[in-house]
Amino acid sequence: MKTYHGVSPGGRRSRSQIGTSEEAAEMAGARRSRRRSQIAVTRPSRRSRSQIGASEEDDGLVRPGRRRRSQIGASEDRRRRRRTSPEAPVPLPGDGDTPRNGRRPPAPCESLPLDMLWEILLLLPPQPSSRLLASLVSRRWRGLATDPNFIRQFQARRRSWKPPLLGFFERRRKIVFNQDILHPPDRVPAERIHIPFGMASRGFEVLGCRGGRVLALHRVLRQLIVFAPITGEQRYLAVPAEFGPPSILYGAVLCAAGEQDHVHGHCHCSPFKVVLVSHRRDHQPQACVFSSETDTWSNIISTKYPCELHGDSVPATLIGNTLYWLLSCNAIFWFDLDMQSLAVIMGPPGMNESGNYRIIKPEDGADGLAIAIFLFPNLQIWQRVINSQGIATWFLRKTVEMHSTLGIPHQTRRKVWQDKVLGYDEDNDVIILYVDDSAYMLELKQMQSRKLNGTRSMKQCHPFTSFYPPGNSS
């Protein structure tokens, strides 16, 4: 029987041949497994992010994992949505696309034309801090707010403004200036309010404030002083001999500038007038006018209608070209600056029953005059009108309940304090009331009030209004 290469014709192999082939197969398998392990080391298989994190946690190593293309696209979408979210600034038309560096586009106010921004800043209110706060917005705003041409035009707009209420003068042990009316940004620094050294004397008493000036009287020395707290200007005047003691003196100071474009409230360097009122021993009133331009007192002006002045000086109210003072006999004393004449008229009913009244301007710019009578919890506004036949009558214009207006709760007061009118600002139509040992500032047009600090035991105050230039940027 023939065999081919050691194999029998029936295909049977010997036991030695089978063992040899099995060993060869095992060696080939071992070589293939070694080759696969080498490939696995050089080419790691793709695994999910969770599997990579688990393996890294197991061996304590941190390896950067590969992200899929879909995951990269999702993160870019999130960043794109974050840039266009409502919290981020939206690009304005014409500003171009939002840059990739994350810088915000300019604010809308910065993209306004220069002439338009100029007109907007001219509408700033006359408070002392208006231009200062506007200059803090940006360099562009600061350049406009400090531009000399803008400042001149800004001050020219003051003709249609009313000078702001900066504070009020009151007498404690001496004449002091209270600034609690203004909020801190608008308060005038204390070192820029110039009060004459002699005002520390107890003999001085303020008679009135107007046009940025203050009129005060030393009752013992019978000497008047006119001073401007903003500029420090002061001038002493001797009381005419006809107004000697023991007569009671009323007085008022006012601007005498006659220019058509003059702005009242900025009268620190303008000429002024002083009106002095008293009564003779026969109780007939008399008046005299001082002019700073001529440096002289006018002739004595008098009337035959008898009247009696209060012991405490009552500030005058200027309505038009007429000064009005309240008298103690239910009467009103008025002095016409144009006609250089004086007269006495009767007040509304109820003035004798209450000493809490003050002459105020009528509402809506009407002719005549009005009186506020304060009987807590009500404030009555009386107005005087003249009919077609020339007969003057008083009528009750309105009555305002003060509990809700002043924010005072309805409750029984433990201690009864005298309710009174402390002062009146004729420029801004603001009246200052005293209730429960506290002062309240009340705007008569809007009937809005605010409680003032540091006003306990007040008897009377004189509101001081003036335009005030912050720093040297006047």
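Four strands form an open sheet in the order 16-17-18-19, with antiparallel pairing. Strand 16 (357-360) and strand 19 (392-401) are its edges; each has a single partner strand, so one side of each is left without a neighbour in the sheet. From one strand to the next, the twist averages 25°. The model is predicted, and the protein chain in it has eight helices and 24 strands.

- Strand 17 (residues 369-375) and strand 18 (residues 378-386) run antiparallel and are joined by seven bridges.
- Within this pairing, Ala 370 has Gln 383 of strand 18 opposite.
- Strands of a sheet pair through backbone hydrogen bonds, and the pairing is either parallel or antiparallel.

- Another open sheet, of three strands, has the order 2-1-24 and antiparallel pairing.
- Its edges are strand 2 (175-178) and strand 24 (461-465); each has a single partner strand, so one side of each lacks a neighbour in the sheet.
- On average, neighbouring strands of this sheet are turned by 30° against each other, direction ignored.
- Five bridges link strand 1 (residues 165-171) with strand 24 in the antiparallel sense.
- Glu 170 is placed opposite Cys 461, a residue of strand 24.

- Strand 20 (residues 420-425) is mostly covered, with six of its six residues buried.
- Its antiparallel pairing with strand 21 (residues 430-435) runs over five bridges.
- Tyr 424 stands opposite Ile 431, which belongs to strand 21.
- Four residues lie between strand 20 and strand 21 in this hairpin, and Asp 429 in the turn has a positive phi of about 55°.

- Leu 117, Trp 118 and Leu 121 are the buried residues of helix 4.
- Seen down the axis of helix 4, these residues fall within an arc of 105°, so they line one face of the helix.
- The cover over the buried residues of helix 4 includes helix 5, helix 6 and helix 7.
- In helix 7 (residues 148-156), the residues Phe 150, Ile 151 and Phe 154 are buried.
- They span an arc of only 100° around the axis, which puts them on the same side of helix 7.
- The buried residues of helix 7 pack against helix 4 (114-121), helix 5 (130-135) and helix 6 (139-145).
- The N-terminal end of helix 7 is capped by Asp 147, which has a side-chain oxygen 3.0 Å from the backbone nitrogen of Asn 149.

**Two buried threonines**

- Thr 303 sits in the loop between strand 11 (301-302) and strand 12 (317-319).
- Thr 303 counts as buried because its relative accessibility is 17%, and buried means under 20%.
- Leaving out residues up to four places away in sequence, Thr 303 touches Gln 284, Pro 285 and Leu 342.
- Thr 405 belongs to helix 8 (residues 402-406).
- Thr 405 also counts as buried, because its relative accessibility is 17%.
- Leaving out residues up to four places away in sequence, Thr 405 touches Val 400, Leu 442, Met 447 and Ser 449.

**The chain as a whole**

- The protein chain has 474 residues, and buried residues make up 42% of them.
- Among contacts between residues at least 6 apart in sequence, 49% join residues at least 24 apart.

**Confidence in the model**

- The pLDDT of the protein chain averages 76, and 70% of the residues score at least 70.
- Confidence is lowest in helix 2 (residues 49-59), with a mean of 47, and highest in strand 10 (residues 296-297), at 94.
- Residues 1-11 have a pLDDT below 50, and this stretch has five contacts in the model beyond near neighbours in sequence.
- Residues 40-45 also have a pLDDT below 50, and this stretch has zero contacts in the model beyond near neighbours in sequence.
- Where pLDDT is low, the predicted coordinates should not be read in detail.

Conventions: Residues numbered from 1 in each chain as written. Predicted model: local features only at pLDDT ≥ 70, side-chain atom pairs only at ≥ 80, totals over all residues. Heavy atoms only, no water. Buried < 20%, exposed > 50% of the residue type's maximum accessible area, 1.4 Å probe, protein only. Arc of directions from axis to C-beta. Contact = heavy atoms within 4.5 Å. Polar contact = N/O pair within 3.5 Å; in protein donor to acceptor, adjacent residues only side chain to side chain. Pairing = 2+ DSSP bridges. Axes fitted to C-alpha atoms, helices over the stretch in contact; angles between N-to-C directions. pLDDT = per-residue confidence, 0-100.
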